[in-house]
Each structure stands twice: as structure tokens, then as C-alpha cells.
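Biologist: I would like to learn how to read a protein model feature by feature. Please take me through one.

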Amino acid sequence: GSVLQEPTVEALAAHEERLVSRISRGLRSRPRVRVYGPDEGQSRAAVVSFSVEGYDPQDFAAALDGSFGVQCRAGLHCAPLMHKALGTDKFGGLVRLSPGWATTAAEVDQALEAIAAIASA
């Protein structure tokens, strides 16, 4: 039989880094979408937070999940003071995508397509 090899921590981190970069680039290319957090190439966790002009983050997240099956979170993310500093508390926080070790590039692309579909409506 075949032997399954466990990926290293470094390999998993590199995979998540590639996905975060893909999400960030994809979101930054969309009109009306603003990405928050470090620029590409800077150290960051596997989390991308964003807002879409004209949308409440909770409503946007509900549309992503309900209409497209994209799992995400919205709100203040247990960081109300950070949202106050960013000024995002005024509109209910941000939407957050968090790819993990099992997330594929195809799933990221589907999420980006769903975000584009909702944002352009």
C-alpha cells in the first residue's frame, strides 16, 4: 500500500500563505472591496478581513454562506478596540476569510467569484 506522508509545519504554513496571497490579490482587484491588514509579503496570519462598500458585513457574510456555501465570519471578531481604531466599528466590523490546511486554490477561486457576484449586484 501507499504511505501517507504528513506535511511539515513549514509546508502547511507555505500553503496557507499562498492561499492568503491569492485571496488578498483577488479581493484587492475588485471595485468596492477594501482589504484590511498587512500588505502582501508581510508576515500575517491565515486571515483576510475585508469590507464591501454599501454592505453590512453581517448581511454580506449571510449572502456568501446562504447563496454560495462560502463559510466566513463577520463582525468585530472579539477585537472591538481594533475596529474602533480602524473606524470599521461604525459599520459593524468586517468580513473575514480564514483558509486552512485543507482549503484548495479552487475553493478560494469559488469564494472570490461569489464575492464578486454579490459585490457587483
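**Reading the model**

Modeller: Start with a loop residue: T88 sits in the loop between α3 (80-86) and β4. Helices (H or I, at least four residues) and strands (E, at least two) are DSSP runs, numbered from the N terminus. This is a predicted model, in which local features need pLDDT of at least 70 and side-chain atom pairs count only at pLDDT 80 or more, while totals for chains, interfaces and linings use all residues. Residues are numbered from 1 along each chain as its sequence is written, and side-chain values use heavy atoms, with hydrogens and water left out.

Biologist: Which residues does T88 touch?

Modeller: A contact means heavy atoms within 4.5 Å. Leaving out residues up to four places away in sequence, T88 touches Y36, H83, G93 and L94.

Biologist: Now zoom out. What pattern does the protein follow along the sequence?

Modeller: The order is α-β-β-α-β-α-β-α. That comprises four helices and four strands. The C-alpha trace spans about 55 × 30 × 25 Å along its principal axes. Of the 121 residues, 35% count as buried. Take the contacts with a separation of 6 or more: residues 24 or more positions apart account for 59% of them.

Biologist: Which residues of the largest nonpolar core touch the most other members?

Modeller: A nonpolar core is a set of buried Ala, Val, Leu, Ile, Met, Phe, Trp, Tyr and Cys residues joined through side-chain atoms within 4.5 Å. The largest one here has 25 residues, and L27, F50, F60, L64, L97 and I115 touch the most other members. Two or more residues each come from α1 (9-28), β1 (33-36), β2 (48-52), α2 (57-68), β4 and α4. The top contributor is α4, with seven residues.

Biologist: Which residues does F50 touch?

Modeller: Not counting residues up to four places away in sequence, F50 touches L27, V33, R34, V35, Y36, F60, L94, V95, L97 and I115.

Biologist: How many aromatic pairs are there?

Modeller: A pair of aromatic rings is described by the distance of the centres and the angle of the planes. Rings of Phe, Tyr and Trp (its six-membered ring) pair if their centres lie within 6.5 Å; planes under 30 degrees apart are stacked, over 60 edge-to-face, and the rest tilted. The count by this rule is two. F50 and F60 form an edge-to-face pair, 6.0 Å centre to centre with 90 degrees between the planes. F50 lies in strand β2 and F60 in helix α2, so this pair ties together parts 10 residues apart in sequence. Y55 and F60 are also edge-to-face, at 5.3 Å centre to centre and 80 degrees between the planes. F50, Y55 and F60 form one aromatic cluster.

Biologist: What is the relative accessible area of Y55?

Modeller: It is 25%, so Y55 is partly exposed. F60 is buried, at 1%.

Biologist: Let us look at strand β2. Which residues does V48 touch?

Modeller: V48 lies in strand β2 and counts as buried at 0% relative accessibility. Beyond residues up to four places away in sequence, V48 touches V20, I23, L27, V35, V95, R96 and L97. The C-alpha atoms of V48 and V35, 13 residues apart along the chain, are separated by 7.3 Å. S51 is found in strand β2 too. S51 is buried, with a relative accessible area of 12%.

Conventions:
Buried < 20%, exposed > 50% of the residue type's maximum accessible area, 1.4 Å probe, protein only.
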